[in-house]
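Reader: Could we go through this structure together? I would like to begin with the overall layout and then turn to particular residues.

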Amino acid sequence: MKDSNFLKENNGRGFWHPMTSPDDSIKNPPKIITGSNGVRISDIDGHEVVDAVGGLWNVNLGYSCAPVKEAIASQLDRLPYYSTFRGSSNDVAIELAYELGAFFAPDGVTRAFFTSGGSDSVETALRLARQYHKLRGEPGRIKFLSLKKGYHGTHFGGASVNGNANFRTAYEPLMPGCHHIPAPYTYRNPFNESDPEKLAHLCVAALEDEIAFQGASTIAAMIMEPILGAGGVIPPHKSFAPMVAEVCARNGILLITDEVITAYGRTGAWSGARLWGIQPDMMCTAKAITNGYFPFGALMIGQRMQEVFENNPSAKIGHGYTYSGHPVGAAAALACLAETQRLNVVDNAAARGDQLYQGCLALQEKYDVIGDVRGGHGLMTAIEMVSDRATKAPIDAASATNVQEVAYQSGAMVRVSGPNLILSPPLVLTEADATTILNALDKGFAAL
Ligand code: PMP
């Protein structure tokens, strides 16, 4: 490894960081992470903290998951790559598709299309949605609906359905025909409604209104996160997703759940679809499928689409990635699925998630700067910071970064996203680790 001075000096100059301005990475140098152990990471100066970010919502099993590392190493040795394009396949991708199908079978979503990550899974879903309607003889169904504040990755399709201006404006014009519905975000919404159940009904009414306005026969699919993640951890009322599913089904609109964060246990259920008891037509997954150790994703495809694609000899999928079904990614994913089950991390996510959520609510009692705390479904929690509770004016960026920095010095890496502190630690977190995160946050807020 190069020495510390070299790395610090060259970090901002050598490469451009995602979601960061090049100027910012020079003026506010990031933490340079060089080591890991269990749920802890250590930086170039030797400071070790609990990773309350879980990599980027993906390192569900922590950094020391030996079976996944071994699976990757032995697959690299046996068959480091082979394509799955027409005329070839590989044994590990076949086994993974089988396991995912069996694993997701209760959701009726049993076919897999492999990708290199979350944005690819979203792009694949949007494309297959249009193709499905063309195959069925409804080529006019080309539009997409999604939620404001939703995040669906960075490809042009995904950016077009994204519901946050930060990820759109600089890249416009985006894809035409993408329309956004208010999110079930109780703290701030155009209806000024703070009751989650009433708000769920208002958002669904807005969805129905938009469908009527656009014309159902022009809409291919609705895409949504079961719990909005990057938009600031926004869990809807439990009635919301089933109502959306019913409206979509009634109007012939495919429902895509973007489970890039919520699949594989993060919500305390195996998937967001299972959490809310719905059966989507497609589920976008990536991230924790390989515990973050290898870039990989899987789009899961349900019954209605299977029937159309599998019974039509001309239904050629003119889409795919060099790394679709990459054997090393597939081997990592198989090991992750096995470890997720063996360690029962889904139940742990629910228990530790509750501890973190309750702990954050207790911090809200103590600090006025905490305007809203959202969570309660596994290890996805957000603290929304305000400079004034009465007006809900968002906190300034410097103060938010200050809380983050003091928390880091006090033992926990947390993520700042706009006015939100986001907590998405590994699902193998212990009670003591969760306490470390809460104590570090306490110190961060006390320092303000
Ligand atoms: N969809 C959702 C819901 C996500 O949270 C993300 C990533 N945070 C993506 C899509 C994009 O995934 P990736 O960064 O792997 O392309």
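Predicted model: local features only at pLDDT ≥ 70, side-chain atom pairs only at ≥ 80, totals over all residues.

Reader: Understood. Which domains does the assignment give?

Author: The domain assignment gives domain 1 (31-61 + 344-446) and domain 2 (68-342). Their centres, taken over C-alpha atoms, are separated by 26 Å.

Reader: How many residues does the contact take from domain 1 and from domain 2?

Author: Domain 1 contributes 28 residues to the contact and domain 2 contributes 26 residues.

Reader: On the side of domain 1 that touches domain 2, which elements each supply at least two residues?

Author: They are α3 (54-57), α13 (345-366), β11 (370-374), β12 (381-388) and β16 (420-423). The largest share of that side, 5 residues, comes from α13.

Reader: And how does that side of domain 1 divide by class?

Author: The side of domain 1 that touches domain 2 has 12 nonpolar, 12 polar and 4 charged residues.

Reader: What does Met282 touch?

Author: Not counting residues up to four places away in sequence, Met282 touches Ala125, Leu128, Leu254, Ile256, Leu299, Met300, Ile301, Gly302 and Met305.

Reader: Which way do the residues of strand β9 point?

Author: In strand β9 (residues 282-285), Met282 and Cys284 point one way, while Met283 and Thr285 point the other way. All of these residues are buried.

Reader: How many bridges join strand β8 to β9, and in which sense do they run?

Author: Strand β8 (residues 254-258) is joined to β9 by 3 bridges, and the strands run parallel. Thr257 has Met283 in β9 as its bridge partner.

Reader: And in which sense do β9 and strand β10 pair?

Author: β9 pairs with strand β10 (residues 297-301) in the antiparallel sense, over 4 bridges. Here Thr285 stands opposite Ala298 in β10.

Reader: Staying with β8 for a moment, is Ile256 buried or exposed?

Author: Ile256 is found in strand β8. Ile256 counts as buried because 29 other C-beta atoms lie within 10 Å, where 20 or more are required.

Reader: What is Ile256 in contact with?

Author: Leaving aside neighbours within four places in sequence, the contacts of Ile256 are Ala125, Ala129, Ala221, Met222, Ile223, Pro280, Asp281, Met282 and Cys284.

Reader: Why is Leu202 called partly exposed?

Author: Leu202, which lies in helix α8 (residues 196-214), is partly exposed because 16 other C-beta atoms lie within 10 Å. That count falls between the limits, since a residue is buried at 20 or more and exposed at 12 or fewer. Leu202 touches Phe191 and Glu193, not counting residues up to four places away in sequence. From C-alpha to C-alpha, Leu202 and Pro190 are 10.0 Å apart in space, and they are 12 residues apart in sequence.

Reader: A change of topic: in what order do the 4 strands of the open sheet come?

Author: The order is β1-β2-β3-β14, with mixed pairing. β1 (33-37) and β14 (412-413) are the edge strands, each pairing on one side only. β1 and strand β2 (residues 40-43) pair in the antiparallel sense over 4 bridges, and Ile33 stands opposite Asp43 in β2. Strand β3 (residues 48-51) and β14 run parallel and are joined by 2 bridges. In β14, Ala412 is the bridge partner of Val50.

Reader: What is found in the hairpin of β1 and β2?

Author: The hairpin has 2 residues between the strands, and Gly38 takes a positive phi near 65 degrees.

Reader: Finally, which residues come nearest to the ligand?

Author: Of the 14 residues around the ligand, Gly117, Gly118, Ser119, Gly153 and Val260 come nearest. Helix α6 (residues 118-135) supplies the largest share of the shell, 3 residues. By class, the shell divides into 6 nonpolar, 6 polar and 2 charged residues.

Conventions
Residues numbered from 1 in each chain as written. Near = placed C-beta within 6 Å. Nonpolar A, V, L, I, M, F, W, Y, C, P; charged D, E, K, R; others polar. Contact = placed C-beta atoms within 7 Å. Pairing = 2+ DSSP bridges. Domains from an automatic or database assignment.
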